[in-house]
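I set down here what I looked up in this structure, entry by entry.

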Amino acid sequence: MSGLSVSLVRLAGLCSKKPSLSHILFSDIEQFWRHGLRIIPEIQLVNGREGSPTRLPLYIHEFLRDTLSLSDQATVDLWDILGGHLWDAAGPFRAGIYQELCAMAPLSQEESALFEKMGLRPERNDEAITHTMFYPPYLTCQRCNKSLKRHERYKVVYHSLKHGSLTGLSSSLRCSSKQQGLLIPHVLSSQRQADCKICYHHNYYVVDGVRIYYKPGVPTAIQFEDHAYIGQDVCELFTALMLYAWVSASNCAHIYNHSFASIGRSFGLKLRNEQVWTAFYMNALLRDGMEHGIFLTLSDTGSNDDRLKEAMEMRNLQMIREGQPQRMHSCDVCEKFIPGTGYKGLRPLRAVVVDGVLVPFPCCKVHNCSIPLASQRDHFCPTHKSQGALCVVANCIKPSDQGFQTCSTKGHRDLETLRKQRNKAFFQLKERLSYATAGQVADSMNAGLRGEDSITFDDLDGTRYSEHKSDSGNVKVNARFTRRRTHNEQLVVCCCGIIAGRATMYGAEAISAVKDFLKSIYGYNSQNLPDCIFFDNNCLLQEHLQASNDSFFRQCILAVDVFHFENKHDKDHKFCQENCNPASWPELYNESSKEWIFNSSAAEQTNAWIGGYLSITRDMLAHRFNFFLDEMIKRRNEVIVGRLLEQGKAPIKIPFKPLALAE
């Protein structure tokens, strides 16, 4: 028996002195030990900071009696003999004590069913006991040091990796002390030091309408909804499926429900698509707090979406401000040493590749507007919302007629009629099929049913309707009936595959926007720039820099990557040939091996990976899209760094120089 500190001989002697235990079997004692060990936190919850009780609380006594089929006297006598040893084996009440004791005293499936049958008490919910319990980590208030008395208990579902989906019970304790006390260090200093009303839950405590998680870290069981927990290992499984196989949240839910949920003793407890997303975001936010050494705080009011949105937007702003952790990455693959004036006659040569990838998400219909949409159904951001009442034909300022998206102008109304006819046509179904089969399928179980992940005609934002230009030279009329989507995601990729940074291009891949993106990635300090930047439009970038008298990149090699230079650039373009030909820089080519020293196609290969998220992200709002893509890039970078370490490629982070420290 795990943790039993009394010898079997002495135990047999003690039992023989009790008439009620004269015929008890060793298996009964062993079962009492395991059941008793699991409910020690429940006894501590009732007993507070006192030691092992002489007599068990009535409902706990009845629970042990009924689950073990003992008499009342036998239950009392067994507790007299084993109670102190159980108390010592469990140790003091602390964070994670119940999970530790469950590992020491596992239950069989039959015992779990018995726990649920005997322990649930409809008449007294705060005295209910079951096979899966969640407790706060404290029995005393961390502000005023008074015992926590106000106990509430409610039913929850726990989605685990080992045992599947289970029903359980979660407890909260509230401090009702009216004495003033010192604030705990990470509670906002603006609080009034009046009545202490902190409510302690399993993962967090609530004060003044704010949830504050106990410590920077990720708990083994995350309360991702008010009445639902999920294992941190399940969250990591979902993240890995998304990272390595572009599995959508819907398909993650299908995989879990098919392979793991049925392991549990309670059936019908299925994970849903939105729950997978909530668990993913919670795990990532908690992990981010651990990495930065900060306490995660969320609002205790409103919906899950609202409270997570605020935290995700803060992380998105932090990512813009600080960049990816690997933005100053260097290793033996993406940094070479060439003859120079440095140490031992060498100098470093570090290279990155810049490229765009098509992973669009819905945005405001106003060109280049970066203000996020308020909902997935909106066509305009809150600032430009009034334009939604206008005709959708470009440059038309007339209001649209009721029931239509166009005004009464014949040519404009004809465009809308054409669109509706095309939507019903058979060839449109074929076009829709080709679009739907591109990339990954968001929900493999959708089977053509309408749903949040299904492809609709309105999703084909690339289709813009226009009147054909007549022989007399009439101007072509364009209209956009559906939501607009972003143009592309611009990436800075190290030649080893590490993604150093990302930015969204809303209206077009303008050269000036790419220039500003590169400056922001490296903190507007040219000392942080790599030595070589491959970009398929470097010829236009250099022309723009010269025209605007911008010398920020003066120390950089701005070359076109080998593939695009040989296949996409005009050989008669004099400026491009003279200023962007990679052969113009001998340091980029190894004469002895007859090979280019850098993999300038790294971005193209990375695009193939990031493009796999097209069907997953295409309907996301901006805050979710940015959070998800940044998290996937961060996780992928961690994997690549690990592989580089295994291969002896010496990955490091070059110290980042803030602009204020620039000479």
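Entry 1, salt bridges. I looked up Arg65 and Asp66 in this predicted model, and found that their side chains form a salt bridge with an N to O distance of 2.9 Å. I noted Asp66 as partly exposed, because its relative accessible area is 28%.

I then turned to Asp414 and Lys410, whose side chains also meet in a salt bridge, 2.9 Å from N to O. Both residues belong to helix α12 (residues 410–424), where they stand four residues apart, about one turn of the helix. An α-helix has 3.6 residues a turn, so residues three or four places apart point the same way. I recorded Asp414 as partly exposed, with a relative accessible area of 35%. Lys410, at 61% relative accessibility, counts as exposed.

My next pair was Lys519 and Asp550, joined through their side chains by a salt bridge of 2.7 Å, N to O. This pair links distant parts of the chain, 31 residues apart: Lys519 is in helix α14, and Asp550 is in the loop between α15 and β20 (557–559). I found Lys519 buried, and Asp550 buried as well.

I also traced a network of salt bridges that links Glu236, Asp288, Arg315, Glu631 and Arg635. For the whole model I recorded 29 salt bridges.

I asked at what angle the axes of α14 and α15 cross. The axes of α14 (residues 511–521) and α15 (residues 538–547) come within 10 Å and cross at roughly 85°. The two helices are therefore roughly perpendicular. On the α14 side I listed Ile511, Ser512 and Lys515 as making the contact, and on the α15 side Leu540, Leu541, His544 and Leu545. By class, four of these residues are nonpolar, two are polar and one is charged.

I located Arg624 in helix α20 (residues 622–646). Is Arg624 buried or exposed? Its relative accessibility is 16%, so Arg624 counts as buried. Leaving aside neighbours within four places in sequence, I found Arg624 in contact with Glu274, Trp277, Tyr281, Asp305 and Met312. A polar contact of 2.5 Å joins the side chains of Arg624 and Glu274. Trp277 lies 347 residues from Arg624 along the chain, yet their C-alpha atoms are separated by 9.6 Å.

In α9 (residues 249–259) I noted several buried residues, among them Ala249, Cys252 and Tyr256. The buried residues of α9 pack against β2 (150–159), β3 (165–174), α8 (232–245) and α10 (273–292).

Conventions:
Residues are numbered from 1 along each chain as its sequence is written. This is a predicted model: local features need pLDDT of at least 70, side-chain atom pairs count only at pLDDT 80 or more; totals for chains, interfaces and linings use all residues. Side-chain values use heavy atoms; hydrogens and water are left out. Axes are lines fitted to C-alpha atoms, for helices over the stretch in contact, and angles run from 0 to 180 degrees between N-to-C directions. Angles under 35 degrees count as roughly parallel, over 145 as roughly antiparallel, 65 to 115 as roughly perpendicular and the rest as oblique. Contact means heavy atoms within 4.5 Å. Ala, Val, Leu, Ile, Met, Phe, Trp, Tyr, Cys and Pro count as nonpolar, Asp, Glu, Lys and Arg as charged, and the others, Gly among them, as polar. Buried means under 20% relative accessible area, exposed over 50%, partly exposed in between (1.4 Å probe, protein chains only). A polar contact is a pair of N or O atoms within 3.5 Å; within protein, one must be able to donate a hydrogen and the other to accept it, and residues adjacent in sequence count only if both atoms are side-chain atoms. A salt bridge is a side-chain nitrogen of Lys or Arg within 4 Å of a carboxyl oxygen of Asp or Glu.
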